[in-house]
Amino acid sequence: MHVEPFTDRNVSEQSAYYYVDIENYPVTGWDKFKQVVKRSIKGELFVGLWVVMRELIKFDIHTVQYPKEKLPIGPRYRAVHKLLRLWESGFERCIGCGLCEKICISDCIRMDTRIDENSRKEVTEYSINLGRCIFCGYCAEVCPELAIVHGDRYENASEQRAHFVIKDDMLTPLDFLTSGQQKEYPGFGAITPHEDERVAKTPLAY
Amino acid sequence: MDVAFIIETIVKIVVILLVFSALAGFGTYFERKVLAFMQRRLGPMHVGPYGLLQVAADGIKLFTKEDIIPQNVVKPIFKLAPVITAATAFMAAAAIPFWPEFTAFGYKVHPIVADVNVGILYVMAVMAIGLYGPLLGGMASANKFSLISAARSAAVFISYEVITGLALLAPLMMVGSLSLIDINNYQTGGISNWIAVSQPVAFILFWIAAFAETGRTPFHLVANDHEIIDGFGTEYSGMRWGLFFIGEYANMFFISFVMAIIFLGGYGDGSIAGALQLLLKVAFFFFFFLWTRAAWPDIRPDQLMWLCWKVLMPIAVVNVVITGVVILIKQGGM
């Protein structure tokens, strides 16, 4: 297992850290004058001029022209939520257990369920009030079915934030699923890699 | 006074007004771009190719914006102050020769509105009157930040008038004339004749003072954003604020012209090459204003006063005395 080496950030003989040597502030007028002359002759001002001129010549621009260019976001980024479907059947993964509703610390998830004709619990309404949501990720973490996850839509400017959280908007459309575009979420609550190897038999001693 | 002269003068005035208003606009574009490149940014990019039309967009915005006059301001003075800044900046341009004499369609053109024999004195005097823009605007605004800015501008401008005056005195003693054309002609014949070579101290002092006169960055305390919002411009909006802006940038261009003409040989012998050199020198001085803004920190008002009265002024006085002694010795008076 890799262990980060401990960096000693205390100032001591061994560590690379040291106190910056700051001269005492000048007190008398003559000392102040000497400091000004010293600084003028040392050319500190010209060092500053050179530094910015160097950047101008190097022309190493770091601007991202946002609407045209976008930076990649991390796979575990917690943006607007998504409801996923089962890969095999296309049914909704959500079983209406209500755990996300319960755990939500800003109390912004609301769901309505009913028993459908197949005696299966069906989620009729599912909404997240994004005005209150703090994107903590607890709902995704607690979800036993990996049904509610965070997506990658971070551009949530709209006339109404409710536009992002209607159930139909969050749910993966069926044609997306069949074309294999539904993405599993590697963030909170996802199955960790090598999960199968870690599964142990429940001892029968109970 | 004949009609031709009046028409010629009016044409010159209109040309200078238009050219330098446009230049002030492009100065803002240029400043944004240069600062951006020095800070690894791109600057304005969206309006027009490479953001070139940003100037037009800003102009339209300033002209069409609502002109708000707050309730408790002293209305006539509040309305007048931006005009003072812009007007004095352009009035100062009257005595500056922007280009050597040339002949167009058989008509000899002097590219100077009024070749008065006290040219530089006039320029400095009118630029000094420009102080009333920030001072009156700040005092009339009924805003504490504006008031602080007004007090600072009065202190800074008056103090640094002393430096400009004393720094100019030494070169003027050598030239023996106050006309900018005479000063220019004194320096014809190569770099060794430039006053910056014979009067380096005066040149540096005047350059430092120019930053205070135009309120540019190391001495930007008149409208220092992080301390006093926009200073005297806080309560202004729309084109009134735009006039302050045009005045500031026009002032930068004019003081660059003055420095180039007095210290760096101006347009030299009056050939086209010399005239282009003048423009290059002006461009350098203007670029330097932007360059320092990217590189140097602002200093405190008390440091600015200290620098003025305890460092620069004594140096300027000593410089004047030494110049006088040298001139006396050269003339064989001693």
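This is a predicted model: local features need pLDDT of at least 70, side-chain atom pairs count only at pLDDT 80 or more; totals for chains, interfaces and linings use all residues.
Okay, helix H11 of chain B, residues 238–263. At 1.5 Å a residue, the 26 residues of H11(B) should span 38 Å, and the C-alpha atoms at its ends sit 38 Å apart, so the two agree.

Where does H11(B) sit, then, and how many of its residues are buried? That's 23 of the 26, so the helix is largely enclosed by the rest of the structure.

If you want one pair to click on, take Met111(A): its bridge partner in E3(A) is Tyr126(A). Together E2(A) and E3(A) make a hairpin, with 5 residues between the strands. There's a positive phi in that turn as well, about 60°, at Ser119(A).

Last bit: how the chains touch. Chain A puts 14 residues into the contact, and chain B puts in 11. Which elements of chain B give two or more residues to that side? Those are helix H1, residues 3–38, and helix H12, residues 272–295. The largest share on the chain B side comes from H12(B), with 3 residues. As for what chain B's side is made of, we've got 9 nonpolar residues, 2 charged and no polar.

Note on methods
Residues are numbered from 1 along each chain as its sequence is written. Chains are lettered from A and ligands numbered from 1 in the order in which they are written. Two residues are in contact if their C-beta atoms, placed from the backbone, lie within 7 Å. Helices (H or I, at least four residues) and strands (E, at least two) are DSSP runs, numbered from the N terminus. Ala, Val, Leu, Ile, Met, Phe, Trp, Tyr, Cys and Pro count as nonpolar, Asp, Glu, Lys and Arg as charged, and the others, Gly among them, as polar. Two strands pair if DSSP finds at least two bridges between them. The expected span of a helix is 1.5 Å times one less than its number of residues. A residue is buried if 20 or more other C-beta atoms lie within 10 Å of its own, exposed if 12 or fewer, and partly exposed in between; C-beta atoms are placed from the backbone.
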